[in-house]
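Please look over the sequence and the model below. The report that follows goes through the structure topic by topic.

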Amino acid sequence: MSDPVEMVVVVAMATNRVIGDGSSLIWHLPADLKRVKALTMGCPLIMGRRTWDSIGRPLPGRASIVMTRDPDWAADGAVRAGDLDTAIASAKDWIASTADARSEIILFGGGEIYAAGLPRTSRIEATIVDLAPDGGPQAALFPELDPADWQPAVLEKVTATDDVPGYRYERLVRRTPASL
């Protein structure tokens, strides 16, 4: 493995940082699902158990590393990790042992996982949805970012249609390097 491994956040969030209602996403953006696949293919995904439950299966071409406090949790196609350091070690092992792997570890949600990994993240690939739902009592939120730490760029804006809200793709790059 010659390239250094970097941590990348992939997230879809509302303008008020809501990412889910505690069990699923609040919106369905078909074009964004294709973008997420392109961003994550060949990478290990670190996610929380509720994110795993909302997906319901391992995603092809990617490793699913699930962080949970439950030491007895297990699921076909997933690797359990009790903490972020264990998850990162598992992700690096998967990259080293997988022929077509890219040197990126993807933080895939939810809110607690993003909060834990954000200090070690070098880039955020965000879909910002033009909605501001309350998310309900179990709302999952993306952590607040300090603008001094990140250089943002809007990559594309997508206009709302009858059944899909408007949204934009943003890339935020950490101004000072993060280390895993």
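## A buried glutamate

In this predicted model, Glu170 is buried, with a relative accessible area of 12%. That value counts as buried because the cut-off is under 20%. Glu170 sits in strand β10, which runs over residues 167-174.

What does the side chain of Glu170 make a polar contact with? The partner is the side chain of Arg168, at 2.6 Å. Beyond its neighbours within four places in sequence, Glu170 touches Arg35, Ile124, Glu125, Ala126, Ile128, Ala153, Val154 and Leu155. One of these, Arg35, belongs to helix α1 and is buried there.

## Helix α1

Helix α1 covers residues 30-40. Its buried residues are Asp32, Arg35, Val36, Leu39 and Thr40. Viewed down the axis of α1, the buried residues fall within an arc of 120°, so they line one face of the helix. An α-helix has 3.6 residues a turn, so residues three or four places apart point the same way.

Which exposed residues does the face of α1 turned away from its buried side carry? They are Lys34 and Ala38. The buried residues of α1 pack against several strands: β1 (6-14), β3 (44-48), β6 (104-107), β7 (121-129), β9 (150-158) and β10. After α1 comes Gly42, with a positive phi near 80°.

## Nonpolar cores

The largest nonpolar core has 27 residues. Val9, Val11, Ile46, Ile105, Ile124 and Phe142 have the most contacts inside it. At least two residues of this core come from each of β1, β4, α3 (84-97), β6, α4 (111-117) and β7. Helix α3 gives the most, with 5 residues.

Leaving aside neighbours within four places in sequence, Ile124 is in contact with Val9, Val11, Leu118, Phe142, Leu145, Trp150, Glu170, Arg171 and Leu172.

## Aromatic pairs

How many aromatic pairs does a search of the whole structure find? There are 3. In one of them, the rings of Trp52 and Trp73 have their centres 6.1 Å apart and their planes at 90°, so the pair is edge-to-face.

This pair links distant parts of the chain. Trp52 is in helix α2 (residues 49-55). Trp73 is in the loop between β4 (63-67) and β5 (78-81). The two residues are 21 residues apart. Both Trp52 and Trp73 are buried.

Conventions:
Residues numbered from 1 in each chain as written. Predicted model: local features only at pLDDT ≥ 70, side-chain atom pairs only at ≥ 80, totals over all residues. Heavy atoms only, no water. Helix = DSSP H or I, 4+ residues; strand = E, 2+ residues; numbered from the N terminus. Buried < 20%, exposed > 50% of the residue type's maximum accessible area, 1.4 Å probe, protein only. Polar contact = N/O pair within 3.5 Å; in protein donor to acceptor, adjacent residues only side chain to side chain. Contact = heavy atoms within 4.5 Å. Phe/Tyr/Trp six-rings, centres within 6.5 Å; stacked < 30°, edge-to-face > 60°. Arc of directions from axis to C-beta. Core = buried A, V, L, I, M, F, W, Y, C linked by side-chain atoms within 4.5 Å.
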